[in-house]
Amino acid sequence: MQEPYEIFTPAEGVRVVACRTERFKTGQLSVQLVLPLVGDVSAFSLLPYLLSRTCRDYPDDVSFNRRLANLYGAEVHPSVAKHGENLVLRLSMTMIDSRFALHGEDIIFDCAKLLCKVLFEPNTKDGKFDEMQLAREKRIRLERLDSLKNDKRGYAMHRCLEEMCSEENYRIDALGTKEGVAALTAESVYAAWQTMLQTARFQVNVVGTGSVEKIADLFGQYIAQVPRKQIMNFHTDIVERAQGDVKRVVEEEPVRQGKLVLGFRAGTRDPQADYAAIRVMTDLFGGGPYSRCFMNVREKQSLCYYCSARYLSQKGLIMVQSGIENENAERVIAEVQKQLQDLADGNVTQKDMDNSHRALVDGLHSVGDTPEDLDGWAYLQTCELEFSDPEKLADALAAVTADQVIAAAKNVTLDTVFFLRGNGEGEDE
């Protein structure tokens, strides 16, 4: 059993999630800021990366990195993602646990102070960010956007979701657009930073030893100085079932292995309430080596190099990814649907259920294996009003019955097929 999570609310729209533990030599600290996934998010998306390198007290790379070195080599990591129609900006820190500080310092609290300076006191002057630092981040982001197509498997998934959710804000890339990034100015990013602080929902995760209450109070004090207004509410558009004919999109790239992605609607109006049954069903459909897609599409019929299913619970979507030879595309599409129908027809054994229960529950029991996993679990809860304990979820998954799996499979409908056809001239990623 892992240590329980504790929840603090130092201010409106702010949640602190803590896991006090002495099992590790390192600690984790992160802050998540949630904004609506609407329009061009390029300015918001760039902020974690721009903020993570300097602040007012340490305005250049040398002084900032020196401060990190003095914190026993602490590290800052920026990232951005989308959870449903919510944009999640993230700054995380890794540090040694305070118990190992040479002079009794509260390292995680000192890191929290630096993270607050990074977030609330950035390196700005006269209502704008540093021009040279912004230019560097814009160049890096444009290069990253250009390189996305190099990951053919990831690109195929991105394009399938883009086509599948073409009428939903979920189609928006969390990284922004090349045009949006190129148009950013030091003033426009400063305005985005102000909007972020004024309207975003905050979640601060703390894993390790040290005074969690002090960290919660610290963030509360900083946020109290911000004129907060119109704090955003979590939102996700759920399309319960596929509408009309299956959408088919084909693109061609110079790769030897085609990438096929099938996007299904899970048939639920409340993905969180139905999570356990759909998660087990998806696992039996295309999860582990016991799944229908792995055993039949890949192993028995050798129709693909890989075939797996993933449940995107925030949107109620099930995505099946496969690497194939071009000529096998239609056979794979038909066979994947056949395996789903097999589940819906009731061909679920007790051995199937035992395999899935064991794999999913073991995965949840491993949440407490590392500080990063504990922080990661809290991160996954960022856009949920109610915090879910991994042990309770493990119990819910273990309680799913074959009848629930069958019922869940019957509700699934194929929405979109995206095929990245290989022309055999290049190399795969």
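**Group meeting: a walk through a predicted model**

Let's begin in a loop: Tyrosine 72 sits between α2 (61–70) and β4 (75–83). Before I go on, please keep in mind that this is a predicted model. Is Tyrosine 72 buried, exposed or partly exposed? With a relative accessible area of 26%, Tyrosine 72 is partly exposed, because that value falls between the 20% limit for buried and the 50% limit for exposed.

Glutamine 230 gives us another case. Its phi is near 50°, again a positive value in a residue other than glycine. You can find Glutamine 230 in the loop between α8 (212–224) and β7 (247–253). Its relative accessible area is 73%, so Glutamine 230 counts as exposed.

While we are looking at loops, here is Glutamate 327, between β10 (317–324) and α11 (329–344). Glutamate 327 is exposed too, at a relative accessible area of 62%. Now try a distance on your screen: from Glutamate 327 to leucine 303 there are 24 residues in sequence, and the two C-alpha atoms are 9.7 Å apart in space.

Glutamine 194 belongs to helix α7 (residues 186–199), and it is partly exposed, with 32% relative accessibility.

Let's go inside now. In soluble globular proteins, nonpolar side chains tend to be buried together. In our model, the largest nonpolar core has 67 residues. Which residues have the most contacts inside this core? They are Leu29, Met93, Leu119, Phe120 and Met196. Helix α3 (residues 107–120) supplies the largest share of the core, eleven residues.

Leaving aside residues up to four places away in sequence, Methionine 196 touches Leu33, Leu35, Phe44, Leu47, Leu51, Leu89, Leu119 and Arg228. Apart from this core lies another one, of 55 residues, and Leu260, Leu284, Ile406 and Phe419 are among them.

Helix α9 (residues 275–286) has twelve residues and spans 16 Å from first C-alpha to last, close to the 16 Å expected at 1.5 Å a residue. How many of the twelve residues of α9 are buried? The count is eleven, so α9 is mostly covered. Among the buried ones are Tyr275, Ile278, Met281, Leu284 and Phe285, and also Asp283.

The structure holds one cavity of 30 Å³ or more, and the largest cavity has a volume of about 30 Å³. Which residues line the largest cavity? The lining is made of Leu50, Leu51, Thr54, Pro122, Asn123, Phe129 and Gln133. Sorted by type, these are four nonpolar, three polar and no charged residues.

Key:
Residues numbered from 1 in each chain as written. Predicted model: local features only at pLDDT ≥ 70, side-chain atom pairs only at ≥ 80, totals over all residues. Heavy atoms only, no water. Core = buried A, V, L, I, M, F, W, Y, C linked by side-chain atoms within 4.5 Å. Buried < 20%, exposed > 50% of the residue type's maximum accessible area, 1.4 Å probe, protein only. Helix = DSSP H or I, 4+ residues; strand = E, 2+ residues; numbered from the N terminus. Contact = heavy atoms within 4.5 Å. 1 Å grid on protein atoms, 1.4 Å probe; cavity = no way out; pocket = protein on both sides within 12 Å on 5 of 7 lines; lining within 4 Å. Points joined across faces, edges and corners; volume = space filled by probe spheres on them. Nonpolar A, V, L, I, M, F, W, Y, C, P; charged D, E, K, R; others polar. Expected span 1.5 Å × (residues − 1).
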